[in-house]
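The following note sets out points for a colleague who is examining this model. Please read them alongside the sequence and the coordinates.

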Amino acid sequence: MVPLTWRLRLVALALLGAVAVFALVSRLWDLQWAEGAVFRERARENTILAEPLPPPRGRILDCLGKVMAGNEPRYAVTVTPVEVRDLQKTVRVLSTVLTLRPMHVLHVIQRHKKLDPLDPVVVARALSPEAVARVATVQRGLPGVRLAIRPQRRYPFASVASHVLGYVGEITAEEYQQWKKAGYHPSDVVGHSGLEQSYDRWLKGRAGAQNVAVDAMGHTVQVEETVPPVPGDDLHLSLDMDLQIHAEQALQATLDHLYQQNGERTAGGVVFMEVRTGRILALASRPDFDPRLFARGISDKQYEALLKNPLHPLLSRAYQVAYPPGSTFKPLNASACLQSGICSPDTVFYCSGEYKGFHCFVRSGHGRIDFTEAIAQSCDATFYMLGDRLGIKRMDRFAHAFGLGHRTGLDLPDEQDGLFGTPKWKKKIYGEDWQYYDTINMAIGQGLMMVSPLQQAVVISAIANGGYVVKPHLVDWVESWNHQVKWRYHPRALRRVPVKPKWLMAVRKGMEGVVDHGTGVAAKSDLISIAGKTGTAEAVPTVDNPKGRNHTWFVSYAPIDKPKIVCVVFVAKAGGYGGGVAAPIAKDCIEYWYREHHPGAVPPPKEPAAGVVR
């Protein structure tokens, strides 16, 4: 028989055990039922990552609604740094199946991890079906690695208008730090040149969000979209894609001919603009580049090849470079001289073939020549004398009034300022005093003067439209994805040039003579009346131009009676004259534009043109 003391102890022990079991069951019930919902939600939050969902960029369309830049869904490989368990394995496997350099994959992941470890980074874009299959076979063993469908930029016309459109690429660390408060993410694709850059805030759209559930091993269990992305806004341009294509083809044909003739590749640009509004109808430049390379993810080798190309294909010859304008500066110089009272439209000059040691291009001289013919025949001696009398101070004032020496305000990034030298500038840069020959040289567009084709288009439009300096632009309006106009450009004149309309009319008469019987007869058309001015900028041998070949220009407007468009053509290192190289391109483009607007127009058979080509 168990003693009473032991029985009491057993009872106490049983009661204690019962209490302990009851407390444990009560706590389990409390965790499972009373607070279970709270803890389940906390556990769910611990395994679900909120990731941004990139929006498709807005489209870029020409004046007739043709899509110049759009989007297409393509497979991409993304890596979420925080989910990666074995970085070395992930880098090794991905570099193998994607045929990428391991250091490239490692750099992309590590760089992105510093910016935002929760944000997925794109390691490879535009995967081929074979690459998608290879990634799918290894994806399960690589936590944080996913195949995702991402919108990719699509350029239906390949390299056409590439300098206008620009290209896109992943946001840099510096850009992200600068723009993250504006809603940018470390994995965003942004514009890095052209309209893609200058209108990026409109084009980018607004990111959506998705919840990604992952298990304890970091594998994706479920993807759930919570907030859909908002597409970017569309840009509607003044650009005429058909005219743009024609201008590029006409320019390329001439460049190919020069290559056969000179044995050296060169570059050129064309600006086609409305005289009174500044609306750009075509902005051609050769050589160009293919923006699709950047959209897919350009390799280091491909990018290095573009940078090392001696013709610099990433630079637009239409607005990002500047050269001496040669005789295309003479209409501006003539306007300044008329307004300053140095001459009149009735003044008769005498060209002996030289002025103060500077030779006219006609060494024997033009003899007696009036104001209109001095422009038509591009008499250097006459303009040496006029520029000498005008002086650099007044020349500088008029040049800047017309728009030389500073940017035009085009809605594209990295526009060239150009240069218009002054005594103060020369002293600062070269430590030398201004000499009379500096002024004389600049009077015919040589020396310390550099202009872009776009700046020349603004100058000629002011002469053609009666004195109004227009602001060139490409985007007419911006429209949201649901067809709401969010912004519209209203063309306006920036200022009037300080030249009376009657003097500009006198200059236009000279420019009419250039094409009718002067140095630009190659631009004479039986389809539409054209006025213009040739230019041949002499060059000395340099590293970029070892032969010292001339740069050629032709500036023009049409039609003569009611000017509507201005066309400027520039060809570098052509080795010929503006009238023979650049003028035919302008004529070709102007006639094409005319046929577009007058479909029934057919020119009669051409006759050989007569005149001096300069």
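1. Two strands count as paired if DSSP finds at least two bridges between them; helices (H or I, at least four residues) and strands (E, at least two) are DSSP runs, numbered from the N terminus. The model is predicted: local features need pLDDT of at least 70 and side-chain atom pairs count only at pLDDT 80 or more, while totals for chains, interfaces and linings use all residues. Residues are numbered from 1 along each chain as its sequence is written, and side-chain values use heavy atoms, with hydrogens and water left out.

2. Strand β10 (residues 234-237) runs antiparallel to β20, and four bridges join them. Within this pairing, H236 has W477 of β20 as its bridge partner.

3. Strand β20 also pairs with strand β21 (residues 485-488), again in the antiparallel sense, over three bridges. Here V478 stands opposite W487 of β21. Five residues lie between the strands of this hairpin, and H483 takes a positive phi near 70 degrees.

4. Is strand β20 (residues 475-479) mostly covered or mostly open? Four of its five residues are buried, where buried means under 20% relative accessible area, exposed over 50% and partly exposed in between (1.4 Å probe, protein chains only).

5. Helix α15 (residues 380-390) includes D380. The relative accessible area of D380 is 3%, so this residue is buried.
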